Amino acid sequence: MDYLRGVPLDTLTTMRLGGLARYVAEVKTKDDLAAAVAFAREQGLPWFVLGGGSNVVARGDYEGLIILNRIRGFERVAEDVYSATYRIGAGEVWDSVVERLVQAGLGGVEAMSAIPGYAGAAPIQNAGAYGQEIADTLVELEALDTDRGEFVFLSAADCGFSYRNSIFKDPVARHHIISSVTLRLGKGLLGPPSYPSLVQYLEDNAIAAVSPAAVREAVIAIRASKLPDPQDVANAGSFFKNPVVDKALAEQVLARFPDLPCWEMPGGRVKLAAGWLIDQTGLKGHSAYGLQVYPKNALVVVNLYAQTGADLERFTSEVIAAVHEKFGIKLEQEPESL
Ligand code: EPU
């Protein structure tokens, strides 16, 4: 395995920002992964695992080892009348995994079609879309416990999943590198689609025979209409989290803005649509410093030609300030920072 020196981070992340990584290594096996971590330890350097770099924002140089997780694998490990369970390598392209599972008639991840990145990244932020999240189907995952230097299995409960969050997202406490995920899929849909824009699309297109394949097709079409393809324009998907606030604050805001889309969350909290909040400030389509609030979806920040983390910082602080001024709500960045 090679340790490449001085690799530009803008080539490794879809936001296309950042300086140089001290070292980059591509790992293809569990042994490679353990060796890469040992290398970083010997050098006294931190490490950071990247899949497709589609949910990570680099701002400057990275004085450590970037591990590109390319551990493959796609294997059915169990099956019964209702379900089939697959173990999938962390380095498999996520959307190819969804495509194969949907082709097999299986349900549980079809609404997560066309999410960029690799399978091993999905549990980090509890990736989700159109009413599904990886927490719904993940049975367990295998990971290198970097404190103990051995591979361990973690159950879904061990992962501490919540909205766009898991134990793996804490940059200080985390000490696991995912090598495979095990998903239990239904034979057919796990439930009828309920996410408003998906239901609307199925209705508008008179799709009555709703199957995993039909949902996948619908989600691909919806995403193409409002999310920029990172191949064409640099972006990191939703740049902000939908804020989850106390009921009292939500009620205050809703009294003034009754059209604000919101969802009840566990624990009596309420999730508010950040895209709507930004949209209402009039910033949709606004550009400055080489960045832009994507004209078709205010939750996405696209990088037109910015080259520095400072530009991004300036731009996103202005968006955060505008939302705070109008609604008293503080938006937070959704992608991880490198
Ligand atoms: N909205 C606006 N204006 C906008 C954008 C959205 O008014 O410019 C409104 C929409 O009309 C809708 C509401 O806000 O009523 C929610 O919008 P949408 O359904 O597009 O979903 P989202 O909450 O903006 C989340 C995820 C997306 C995921 C979609 C679909 C987060 C941070 N984002 O977006 O995930 O694709 O739901 O499930 O949770 C990502 O994480 O990178 C990502 C794209």
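So, Ser238: one of its polar backbone atoms sits 2.9 Å from an oxygen atom of the ligand. Keep in mind, everyone, that this is a predicted model.

Tyr195 puts a polar side-chain atom 2.7 Å from a ligand oxygen. Then there's Asp279, where an N or O atom of the side chain is 2.7 Å from a nitrogen atom of the ligand.

How much of the ligand does the protein bury? On its own the ligand exposes 820 Å², and 82% of that gets buried by the protein.

Okay, who's doing the surrounding? We've got 23 residues around the ligand, and the closest are Tyr130, Tyr163, Tyr195, Asp279 and Ala298. If you sort that shell by class, you get 12 nonpolar, five polar and six charged residues.

Which elements give two or more residues to the shell? Those are H4, strand S14, which covers 234–238, and helix H6, at 274–280. H6 gives the most, with three residues.

Helix H2, residues 94–103, and helix H4, residues 212–226, pack at an angle of about 145°, and their axes are 9 Å apart. The crossing of H2 past H4 is left-handed. On the H2 side you'll find Asp95, Val98, Glu99 and Val102, and they meet Pro212, Ala213 and Arg216 in H4. By class, that contact has four nonpolar residues and three charged ones, with no polar residues.

That's my tour; over to you for comments.

Methods: Residues are numbered from 1 along each chain as its sequence is written. This is a predicted model: local features need pLDDT of at least 70, side-chain atom pairs count only at pLDDT 80 or more; totals for chains, interfaces and linings use all residues. Side-chain values use heavy atoms; hydrogens and water are left out. Axes are lines fitted to C-alpha atoms, for helices over the stretch in contact, and angles run from 0 to 180 degrees between N-to-C directions. Helices (H or I, at least four residues) and strands (E, at least two) are DSSP runs, numbered from the N terminus. A crossing is left-handed if the near helix is turned anticlockwise from the far one by less than a right angle, and right-handed if clockwise. Contact means heavy atoms within 4.5 Å. Ala, Val, Leu, Ile, Met, Phe, Trp, Tyr, Cys and Pro count as nonpolar, Asp, Glu, Lys and Arg as charged, and the others, Gly among them, as polar. A residue is near a molecule or strand if one of its heavy atoms lies within 4 Å of it. A polar contact is a pair of N or O atoms within 3.5 Å; within protein, one must be able to donate a hydrogen and the other to accept it, and residues adjacent in sequence count only if both atoms are side-chain atoms. Accessible areas come from the Shrake-Rupley method with a 1.4 Å probe; for residues, only the protein chains shown count as cover.
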